[in-house]
Amino acid sequence: MNWLKPSWQAVLAILLCLVALALGAMSKPEAAALADPAASFDYPYFGIKTPMIGLAVLAGLISMLRISSLAEAVVLFVGAHLVAWMLISGIAGFEGTALAPYFLLLAAAWLLAWRCVAVLSGLRPMAKGVRMALRLIIPAIFGAWILIIWEAVTRGAGIPFILLPPPSAIGARIASSLPVLGADVRQTIFKAVIFGYVVGSGAGFLVAIAADRVPFLRRGLLPIGNMVSALPIIGVAPIMVMWFGFDWPSKAAVVIIMTFFPMLVNTVAGLAASGHMERDLMRTYASGYWPTLLKLRLPAAAPFIFNALKINSTLALIGAIVAEFFGTPVVGMGFRISTEVGRMNIDMVWAEIAVAALAGSVFYGVVALIERAVTFWHPSVRGG
């Protein structure tokens, strides 16, 4: 048995395929056709059910042979995704008719994809480019299977469109609404979010420096900062709209409030992170407050500062979108979500959510890349 290297994911996937084959019909129309052979029925997976199950079983069996890890990952990737594609494309036009074998085969394909990700995670390539590619491929497969399962379950179970549209419908809506989505992104992100993020984080940083320099401010501001951080957005947003009007400045004001205090608290904590030995060494060199701050304490506080920047990158987007629920011109991501929910255009709501999630992820990723470039000396970066 030296030629075998079984994995529990592959074994379980094969068992699920065999159970699905034994149960018979994968959809209600197929079950009706089997019950009455004389009648004429149109049903999904006609002629491809057995090859589809065989493909999943074959991929699982090949993956248990003692082949290279890369070849195993390729076999699992092709098998899992081809089965998933056949399942989803076959149920089109027969939504809501799937039976237990459909979901068993979907679970088998998911297990094969799981094994594929596990194999890829175990690879230790020497080339830097291959390592970077793996860092992108592994989360991409993981994220793709969230969408695959979402699509397959909503179509197979016939979940009402108004409750949860499938990702394909959301993607089609995004493709057909690019001008509207672009205007919303421009209003919410490029005006309110970026402006409020820069002003709020910058002000929090400067006030933290002042609070570090003046103990009176530190003792007075930090308790207030903790209290203001707990203020609900839905309570602050209407007040900002009354003060600054319905356009983007009121949303930027909400973002400033939400990003100011996380930066203040994290920067003050970071400035206290340098050890006494390092400070004593700077004093032996006759360094005053500002040279010590610039050469020792701010570099030591950099991880704390970037932690606040990453937190604020998500808080800023949430704050701007929620603030738009309380008054805005006829443009903006929050305005579009609240309006389209009332019109029951749920696919448009999900399209806005998807664009907001993508923008937030890009924003966070840019900050994380800058952090890696600036704090390359930190153990968390060197170890990654």
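## Tour: a helix pair, then a pocket

Select helix 1 (residues 8-23) and helix 5 (residues 100-122): their axes come within 8 Å and cross at roughly 165°. Angles over 145 degrees count as roughly antiparallel, so helix 1 is roughly antiparallel to helix 5. Keep in mind that this is a predicted model.

Now look at the handedness. Helix 1 passes helix 5 in a left-handed crossing.

Show side chains next. On helix 1, select W8, Q9, A10, L12, A13, L16, C17, V19, A20 and L23, which make its side of the contact. On helix 5, the partners are A100, P101, L104, L105, A107, A108, L111, L112, W114 and R115. Colour this contact by residue class: 18 residues are nonpolar, 1 is polar and 1 is charged.

Which residues line the largest pocket? Select L136, P139, A140, L147, W150, P167, I170, G171, I174, W350, I353 and A354.

Now display the helices behind that lining. Helix 6 (128-157), helix 7 (167-176) and helix 15 (346-374) each supply at least two of the lining residues. Which helix gives the most to the lining? That is helix 6, with 5 residues.

Finish by colouring the pocket lining by class. The lining has 11 nonpolar residues, 1 polar residue and no charged ones.

Note on methods. Residues numbered from 1 in each chain as written. Predicted model: local features only at pLDDT ≥ 70, side-chain atom pairs only at ≥ 80, totals over all residues. Heavy atoms only, no water. Axes fitted to C-alpha atoms, helices over the stretch in contact; angles between N-to-C directions. Helix = DSSP H or I, 4+ residues; strand = E, 2+ residues; numbered from the N terminus. Parallel < 35°, antiparallel > 145°, perpendicular 65-115°, else oblique. Left-handed = near helix turned anticlockwise from the far one by under 90°. Contact = heavy atoms within 4.5 Å. Nonpolar A, V, L, I, M, F, W, Y, C, P; charged D, E, K, R; others polar. 1 Å grid on protein atoms, 1.4 Å probe; cavity = no way out; pocket = protein on both sides within 12 Å on 5 of 7 lines; lining within 4 Å.
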